[in-house]
Amino acid sequence: MADPRGFLKVRERELPPNRPVEVRLRDWKDVHANLVAGQPFLKEQAGRCMDCGIPFCHNGCPLGNLIPEWNDLVWRGQWADAIDRLHATNNFPEFTGRICPAPCESSCVLGINQPPVTIKNVEVSIIDEAFARGLVTPQVPQRLTGHTVAVVGSGPAGLAAAQQLTRAGHTVAVYERDDEIGGLLRYGVPDFKLEKVHIDRRLEQMRAEGTRFRAGVEVGKDVTWAQLQARYDAIVVATGATVPRQPSVQGLDLDGVHVAMDYLHQANAVVAGKDVPGQITAEGKHVVIIGGGDTGSDCLGTALRQGAASVTTLAIGKRPPQERPAHQPWPTDPVVFEVSSSHEEGGEREYLASTVAFVGDESGRVQRLRLATTEYLPDGRRVPQPGTERDIPADLVLIAMGFTGPETEGIADQLGVALTDRGLVARSDDFATDVPGVFVAGDAGRGQSLVVWAIAEGRAAAAAVDAYLSGTSELPVPVTASTVALRP
Ligand SMILES: Cc1cc2nc3c(=O)[nH]c(=O)nc-3n(C[C@H](O)[C@H](O)[C@H](O)COP(=O)(O)OP(=O)(O)OC[C@H]3O[C@@H](n4cnc5c(N)ncnc54)[C@H](O)[C@@H]3O)c2cc1C
Ligand code: SF4
């Protein structure tokens with residue numbers, strides 16, 4: 001512990017300010033100012049860490065990040081050691097340090113009676129500083145095992161599995177049906193939360209280490225799962241949970257009603273300089289977003305930058321409390337009212353808002369959204385309360401109600417992989433499916449989740465694949481499927 005009195009001397013959190021709203025709404029760049037070398041307060045913030053005997057933050061972080069160790073190293077200015085300790089548990093801190101919801105901070109012991117340590121900001125500062133100082137270099141394996149692995153899906157789960165397996169000496173190819181590698185980090189999360197330079201920089205390292213990338217190849221169509229099984233010694237299924245949840249209401253087929261990912265994918269492609277004929281755009285429109293989570297918030301920030309006339313986000317449930325409620329005590333990660341960077345930028349939020357129908361004009365274009373106040377029934381179901389219906393203008397409706405699970409037709413028909421009753425790819429404790437040599441990691445097996453969990457599962461699945469191929473593995477196992485099942 002660097003500064004035994006740090007948390008007594010500095011009692012408040014300090015974070016780098018976001019760029020002013022009126023400036024950042026004019027571009028697609030990161031809402032944060034450049035984080036490298038501009039944080040005189042970083043040392044004293046890292047020094048607030050108490051190096052607790054039992055660091056609950058280790059458990060709060062799905063990756064088991066060694067938070068007190070790197071807080072101490074940042075306090076001492078030992079950047080090379082700090083990135084070493086951070087990379088020991090996390091392949092991609094540049095992603096989590098930017099877009100993780102930081103459950104670690106909810107379990108920080110200091111958080112019992114003071115604001116918690118700014119763990120996430122220390123994390124992103126370490127990796128940005130490490131790139132700036134040339135400390136992130138390829139780790140080429142010293143020998144090749146001769147085994148081959150296909151990783152299908154290039155989101156954080158697939159990339160983490162691929163990097164671990166390549167470093168263990170296996171020959172790894174990552175298949176991705178999109179034209180670019182990165183999964184939801186590339187075409188889901190907008191640049192104002194995660195600029196794509198961060199993905200490209202990491203891919204450069206992975207290529208130099210020997211991982212091969214096959215973008216624009218859909219497994220199950222362009223190449224069958226069975227062909228992949230015949231060609232590789234093992235397969236990691238990391239195809240994500242891409243099937244959108246949709247409301248069963250009238251008017252779903254009207255022009256101007258879209259699932260959020262269709263909209264975000266196109267917007268991100270345009271920001272990347274691609275040509276998207278007939279792009280769905282919010283420009284000049286009254287936009288209604290159904291769903292108040294990360295996806296909805298990303299639609300909001302995107303619509304505001306495209307010049308929407310108005311943006312309303314509807315959430316079916318109650319507004320969460322401002323403070324941690326008594327039934328979600330420390331060190332749990334509570335559900336509280338959140339203000340994302342997009343919420344700071346504009347738009348209205350309505351709670352207890354149940355969508356009843358989409359109403360169109362004669363040409364079949366959506367014009368209005370009919371909603372009603374949500375009523376909670378004694379059995380917990382949420383229904384529209386009769387007599388409370390009202391219409392709001394809606395020229396563009398974006399459905400951001402989450403995802404029901406992975407697309408499984410190909411993998412179930414062609415490989416015979418078993419599914420769970422929720423339609424997820426079924427897996428054993430060590431992320432193996434019931435087909436020998438086929439493993440699963442990330443949202444495809446877990447259901448819609450978070451980047452930090454995808455990386456943790458990708459690392460754990462890689463250890464299991466390595467043991468399957470080599471008989472034993474020295475790769476770390478941050479989580480097992482049963483510990484994962486116990487945590488949100
Ligand atoms: C809009 C949005 C915003 C989000 N924001 C956050 C956030 O701020 N913080 C956070 O922690 N989490 C966020 N999430 C969740 C997070 O992105 C996911 O949990 C995470 O990306 C899952 O990683 P994955 O590797 O399992 O799958 P994905 O990232 O979904 O990657 C799966 C990839 O597999 C590819 N694929 C699928 N089938 C095939 C096939 N047959 N052949 C070849 N390729 C295939 C897909 O094209 C996709 O690229 C967000 C999700 C969305 C949709
Ligand atoms: S990955 Fe997320 S939970 Fe883990 S230390 Fe970083 S911000 Fe915290």
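A residue is counted as near a molecule or strand if its C-beta atom, placed from the backbone, lies within 6 Å of it. With that in mind, what I am showing is a predicted model, in which local features need pLDDT of at least 70 and side-chain atom pairs count only at pLDDT 80 or more, while totals for chains, interfaces and linings use all residues. Residues are numbered from 1 along each chain as its sequence is written, and chains are lettered from A and ligands numbered from 1 in the order in which they are written.

Let me start with ligand 2, which has 13 residues around it, and of these Cys61, Thr96, Cys100, Cys104 and Lys120 come nearest. Helix 9 contributes the most to this shell, with 3 residues; helices here are DSSP runs (H or I, at least four residues), numbered from the N terminus.

Now to helix 5, residues 67-76, where 9 of the 10 residues are buried, so the helix is largely enclosed by the rest of the structure; buried means that 20 or more other C-beta atoms lie within 10 Å of the residue's own, again with C-beta atoms placed from the backbone. Among the buried ones are Trp70, Asp72 and Trp75, and after the helix comes glycine 77, with a positive phi near 75°.

Finally, helix 6 (residues 79-87) packs against helix 9 (residues 119-132) at an angle of about 115°, the axes being 9 Å apart, where axes are lines fitted to C-alpha atoms over the stretch in contact and angles run from 0 to 180 degrees between N-to-C directions. Helix 6 brings Trp79, Ala82, Ile83 and Leu86 to this contact, and helix 9 brings Glu123, Ile126, Ile127, Glu129 and Ala130, contact meaning C-beta atoms within 7 Å.

Notes:
Helices (H or I, at least four residues) and strands (E, at least two) are DSSP runs, numbered from the N terminus. Two residues are in contact if their C-beta atoms, placed from the backbone, lie within 7 Å. A residue is buried if 20 or more other C-beta atoms lie within 10 Å of its own, exposed if 12 or fewer, and partly exposed in between; C-beta atoms are placed from the backbone.
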